[in-house]
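Opening the notebook on a new model today. I want to go through it place by place and jot down what I look up.

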Amino acid sequence: MRNDDAMRNITVLSGGVGGARFLQGLLHGIAAGTLPGVSPDAEVTVVANTADDLWVHGLKVCPDLDTVMYTLGGGIDTERGWGHANETWSVMEELREYAVEPTWFNLGDRDVATHLVRTQMLDAGYPLSAVTEALCRRWLSPTYGAGLRLLPMTDDRVETHVAIADAEAPSGRRVVHFQEYWVRLRAAVPAELLVFVGLDESSPAPGVIDAITGADLVVLPPSNPVVSVGTILGVPGVRDALASTPARVVGLSPIIGGHHVRGMAEQMLGSIGVEVSAAGVGLHYGARSKGGVLDGWLVDAADADAVPRLAEAGLSAAAVPLWMSDVEATASMAAAAIELVR
Ligand code: GDP
Ligand code: CA
C-alpha cells in the first residue's frame, strides 16, 4: 500500500470493558506503527453504546462511555474493570444509612463527580454528546488531542430492559433494567426477553453517521454482540451507514471456545436465539455482501474450525489468539483484523 493510501480514520463501535481493552491495543498499535496500512497519525472515533445508561440517585450514569473514558484516560480501576482507581465509598455509605434504594448500584466518591458534571450539563440543556466531549477534555484530550474522539451512539434516552421469570407477578414475568439484571441479579436467571426501550425512535448522535461513512476502517471490537454492539447497530441509520461506507468493516469475536471471556454474552445470545459460538456471532452480524454488516470476522485460534463456515457465508475469516492479555497482544489482534480486510 502506498503511503498516501494509508488508513487515517478508524471508527470503533464499542461497549464497555471489552471495547475499552481493545481500544487500548489499537491505540498502542497506531502509536507503535505496527498496524498494517495504518498511518501513525490515524484518528480514532469511538461510537459507544448508551443503552446501559441509567438514572440513579438523581444522577445520569453512562457505564460504557465512562469505562472507555476512564480506561483510555488512565483513570480506570483495573481490578474491578469499572469506576475510578483509588476510589472511596463515603457517599454510598451515607446513602445506605438513609436506606435509599437502589443499594445494589455502587457509585464511588470520585465517580460521583463525573455524574454530577454530566447531570448538571444535561439539566442545563446540553445533549449527551456535548457533555461527553466536555468530560473527555479532562480525560482524553491531554494524551490524545484530536487523535481520539468518544461519541455516544445517540443523544436520546435508550435503555435495555430484561424480562425475567417472577412467580409472584400476575403475568409470571418482571422487567428489570439491564443494570439491575447484570449488577444485582448477576445475570444468574434466564433473560426471557430483551426490550430496547426507545431504540427504534432514537437518532444517531451528531458525528456518528459521518464517522462510519467517512472512515477508512470500521471495527466491531470483542464487545457484547447483543447489548453493546447490537444496540449501536439498532440506532436507525447506523446499519445503512455500514452498508454504504467505502470503509472495510471487520469484527473480532468476544466468544472463545463457546464461552464469553467475561460478562454475560452467553445469556444475551441465548435470549435472542443466536448460537453461542464465534461462528454464531459472525453469522449473526453477517457479510455485507449479503445484507449484513461485516467484511471480515476474526476468531480465536481455538475456533479455527469455524473459518470455512464463515468463508462460505461470504466473510473473510481467520483464527489467531484473541486473548487481550496486554496491549501488545491486543495490538497484534488489531493488526490481524486489519490484515484480514486490507
Ligand atoms: P461491557 O459493556 O463492559 O460488558 O463490555 P463490552 O460489551 O465491550 O465487552 C464485553 C465482551 O468482551 C464480553 O462478551 C467478553 O467475552 C469480551 N471479552 C472480554 N475480554 C476479552 C478477551 O480478552 N478476548 C476476547 N476475545 N473477548 C473478550
Ligand atoms: Ca456495557
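**Entry 1: Gly214**

I started at Gly214, which sits in the loop between α8 (208–213) and β9 (217–220). For the labels, helices (H or I, at least four residues) and strands (E, at least two) are DSSP runs, numbered from the N terminus. Gly214 counts as partly exposed because it has 15 C-beta neighbours inside 10 Å. The cut-offs I use: buried means 20 or more other C-beta atoms within 10 Å of a residue's own, exposed means 12 or fewer, partly exposed is in between, and C-beta atoms are placed from the backbone. I also checked Gly214 against Ser271: they are 57 residues apart in sequence and 34 Å apart in space, C-alpha to C-alpha.

Housekeeping before I go on: this is a predicted model, so local features need pLDDT of at least 70 and side-chain atom pairs count only at pLDDT 80 or more, while totals for chains, interfaces and linings use all residues. Residues are numbered from 1 along each chain as its sequence is written, with chains lettered from A and ligands numbered from 1 in the order in which they are written.

**Entry 2: overall build**

I count 14 helices and 14 strands in the protein. How does the radius of gyration sit with the globule rule? The protein has 20 Å, which agrees with the value near 20 Å for a compact globule of 342 residues; the radius is taken over C-alpha atoms, and the rule is 2.2 Å times the number of residues to the power 0.38. Along the principal axes, the C-alpha atoms fill a box of roughly 65 × 45 × 35 Å. Of the 342 residues, 46% count as buried. Among contacts (C-beta atoms, placed from the backbone, within 7 Å), I looked at those with a separation of 6 or more: residues 24 or more positions apart account for 69% of them.

**Entry 3: domains**

The protein is split into domain 1 (1–51 + 202–342), domain 2 (54–144) and domain 3 (159–197). These bounds come from an automatic or database domain assignment. The centres of domain 1 and domain 3, over C-alpha atoms, are 28 Å apart. Their contact takes 10 residues from domain 1 and 10 residues from domain 3. On the domain 1 side, α9 (229–234) and α11 (265–271) are the elements that give two or more residues, and α11 gives the most, with three. That side divides into six nonpolar, four polar and no charged residues. My classes: Ala, Val, Leu, Ile, Met, Phe, Trp, Tyr, Cys and Pro are nonpolar, Asp, Glu, Lys and Arg are charged, and the others, Gly among them, are polar.

Next I looked at Leu194, in strand β8 (residues 193–197). Leaving aside neighbours within four places in sequence, Leu194 is in contact with Thr160, Val162, Val226, Ser271 and Ile272. Leu194 has 19 C-beta neighbours inside 10 Å, so it counts as partly exposed.

**Entry 4: core and ligand shell**

Which residues have the most contacts inside the largest nonpolar core? They are Met69 and Ala337, in a core of 97 residues. Helix α14 (residues 327–341) gives the most to this core, with eight. By core I mean buried Ala, Val, Leu, Ile, Met, Phe, Trp, Tyr and Cys residues joined through C-beta atoms within 7 Å. Beyond four places in sequence, Met69 is in contact with Leu135, Cys136, Trp139, Leu140 and Leu150. In α2, 10 of 10 residues are buried, Met69 among them.

Around ligand 1 I find 23 residues, of which Gly15, Gly16, Gly18, Ser223 and Ser228 come nearest; a residue is near if its C-beta atom, placed from the backbone, lies within 6 Å. α1 (17–32) and α2 (63–72) each supply at least two residues of this shell, and the largest share, three residues, comes from α1. By class the shell has nine nonpolar, 12 polar and two charged residues.

Most residues other than glycine have a negative phi, and most peptide bonds are trans. Against that, the peptide bond from Glu101 to Pro102 is cis, with omega near -5 degrees. His57 has a positive phi, near 50 degrees, in the loop between β3 (54–56) and β4 (59–61). Ala187 also has a positive phi, near 55 degrees, in the loop between α7 (178–184) and β8.

Terms used:
Contact = placed C-beta atoms within 7 Å.
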